[in-house]
Amino acid sequence: MTATVSRTLAERIEDLLPQTQCTKCGYPACRPYADAIAAGKANYNQCPPGGAEGIARLAALLGKPVIPLDTTHGVERARPVAVIDENVCIGCTLCMQACPVDAIVGAAKQMHTVIAELCTGCDLCVPPCPVDCIAMVPVTGERTGWNAWGQEEADAARARHNRRMTRLARERAAAEARASARQASRAAQAEREASPVAEAGAQPPAAPVASEDPEAKKRAIIQAALERARKKKEEMAKLGTAPQNTEHVSAAVQAQIDETEARRRRLGLTGDEDTACTDDGDKTA
Ligand code: SF4
Ligand code: SF4
Ligand code: SF4
């Protein structure tokens, strides 16, 4: 309930602000300043473009006294309009990026121009210009504050600012989506490169079955190896390429054969049974 009342108050405060979006109040735009006043975090005399009249309007809404403008935020002045010296402009686009109401037109490396009717006089385009070719020219004579800026202009500036913020949010979201897509693509590429089997188009090895008995799996591998060795021995025997020099071997070789046979007997392996050694040194028949 309190939040709803506060929100409504913030909206009503915003309606009373001049909407130049100049940030002189210390907030990034008029709406955040309205939120801060409604929340009791900011005083209602921090808006130079609104000037004395603006403070009086806010004081009436808030039921508070009219107080002087806090000049640490700036002074009330005749409303200026930005004018670009087109002979000096280098077309860097920095002023366009700074303008909160899209009042500047131009393209990269081309002359830029301010649309005077849309300019709120916020000054924000001046600091970024690298060649100091933007001048703020007063256009309202002696008239200052709300005497130099009507409600219709404020409403139009508010709408333009809101459209700009929506557009920027959309562009940011699109840029983030593109960055995410690029990142995902790079990750997928790295994964493909790290998997030569997959890169070569071969089927990836089947995932191990968690419930499979590891001992049974080991026995199966050994059995398959024994079978391959047996077949190879048979093929070599048929081709006559089996070892021929098993008779009259040297004493050293015979000693090795004897030692192997003794080990086979200790392990309970006899006759023509084959043996195989697993990676971890286990032996089995
Ligand atoms: S006009 Fe400028 S100083 Fe006034 S509320 Fe808006 S941003 Fe703040
Ligand atoms: S042209 Fe400059 S002074 Fe005018 S609204 Fe844009 S940023 Fe502000
Ligand atoms: S910042 Fe200055 S130089 Fe750059 S485009 Fe704007 S006016 Fe031209």
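Ala, Val, Leu, Ile, Met, Phe, Trp, Tyr, Cys and Pro count here as nonpolar, Asp, Glu, Lys and Arg as charged, and the others, Gly among them, as polar. The views below are taken from a predicted model.

View 1. Ligand 3 is surrounded by 15 residues. The closest are Cys 89, Cys 92, Cys 95, His 112 and Cys 129. Sorted by class, this shell holds 11 nonpolar and four polar residues, with no charged residues.

**View 2. Surroundings of ligand 1.** Around ligand 1 there are 16 residues, of which Thr 20, Cys 22, Cys 25, Cys 30 and Cys 47 are the closest. The shell of ligand 1 comprises 11 nonpolar, four polar and one charged residues.

View 3. Helix H2 spans residues 30-38, and its buried residues include Cys 30, Arg 31, Tyr 33, Ala 34, Ile 37 and Ala 38. An α-helix has 3.6 residues a turn, so residues three or four places apart point the same way. Just after H2, Gly 40 adopts a positive phi of about 75°.

**View 4. Glu 86 and its contacts.** Glu 86 sits in the loop between strand S1 (80-84) and helix H4 (94-98). Glu 86 is exposed because 12 other C-beta atoms lie within 10 Å, and a residue with 12 or fewer counts as exposed. Apart from neighbours within four places in sequence, Glu 86 is in contact with Met 111 and Thr 113. Met 111 is 25 residues from Glu 86 along the chain, and the C-alpha atoms of the two are separated by 5.9 Å.

Methods
Residues numbered from 1 in each chain as written. Chains lettered and ligands numbered in written order. Predicted model: local features only at pLDDT ≥ 70, side-chain atom pairs only at ≥ 80, totals over all residues. Near = placed C-beta within 6 Å. Helix = DSSP H or I, 4+ residues; strand = E, 2+ residues; numbered from the N terminus. Buried ≥ 20, exposed ≤ 12 C-beta atoms within 10 Å, placed from the backbone. Contact = placed C-beta atoms within 7 Å.
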